[in-house]
Amino acid sequence: MLRVTRLTDYATVVLTVLAARPDAVLCAADLAERAGLEAPTVSKVLKPLAQAGLVEGFRGAHGGYRLARPAAAISLIEIVEAMEGPLAMTECSLDDGLCGISHQCGVRANWRRINDVVADALRGVSLAQMLDDAPLPPSSPGAKRIAARLATV
């Protein structure tokens, strides 16, 4: 099964809370309450998000966090990579030579192609779009649609 980690999912939820209030600076406790998460979990996801330049932190009595740039300018690939590192479906999708059979592997190029398609799909969805219940794009002939719906915050 391919899935993002729970912390990446939580990071997306926290970012959508911030995106819904672009002019507000929210402390970790407020973010936790609005996101329905525990405060330590929110604090844990905010650190890599800040290191990646997705959120800005402010200290002091009225400190907290806000998005570092507009939600429309933040893609899901940035969120995933902030939390998990570079996207790699397989070991060889990212680096050469880490796999013991790479010299005789016949599927490596296809895994890289799949990796690129997934990365492009994540790159094509902005944080702003995650706030909306956007209509599904038309499917290609013969494609099987997976029933899914974006959660609202």
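In what order do the elements of the chain run from the N terminus on? They follow the pattern α-α-α-β-β-α-α-α-α, and the chain has seven helices and two strands. Helices (H or I, at least four residues) and strands (E, at least two) are DSSP runs, numbered from the N terminus. The model is a predicted one, in which local features need pLDDT of at least 70, side-chain atom pairs count only at pLDDT 80 or more, and totals for chains, interfaces and linings use all residues. Residues are numbered from 1 along each chain as its sequence is written, and side-chain values use heavy atoms, with hydrogens and water left out.

The description may start with two of the helices. The axes of α1 (residues 6-20) and α3 (residues 39-51) come within 9 Å and cross at roughly 85°; axes are lines fitted to C-alpha atoms, for helices over the stretch in contact, and angles run from 0 to 180 degrees between N-to-C directions. The two helices are therefore roughly perpendicular to each other, a term for angles of 65 to 115 degrees. On the side of α1, the contact (heavy atoms within 4.5 Å) is made by L7, Y10, A11, V14 and L15, and on the side of α3 by T41, V42, K44, V45, L46 and L49.

V42 also has contacts elsewhere: leaving aside neighbours within four places in sequence, V42 is in contact with V14, A28, L31, A32 and L37. V42 is also one of the residues that touch the most other members of the largest nonpolar core, which has 32 residues. Such a core is a set of buried Ala, Val, Leu, Ile, Met, Phe, Trp, Tyr and Cys residues joined through side-chain atoms within 4.5 Å, where buried means under 20% relative accessible area (1.4 Å probe, protein chains only). At least two residues of this core come from each of α1, α2 (28-35), α3, α4 (76-84), α6 (108-123) and α7 (127-131).

The strands β1 (residues 55-58) and β2 (residues 64-67) run antiparallel and are joined by four bridges; two strands pair if DSSP finds at least two bridges between them. V55 stands opposite L67 in β2. Five residues lie between the strands of this hairpin, and G60 in the turn has a positive phi of about 110°.

In the loop between β2 and α4 is S75, which counts as buried because its relative accessibility is 10%. Not counting residues up to four places away in sequence, S75 touches L122, R123, V125 and S126.

Key
Parallel < 35°, antiparallel > 145°, perpendicular 65-115°, else oblique. Buried < 20%, exposed > 50% of the residue type's maximum accessible area, 1.4 Å probe, protein only.
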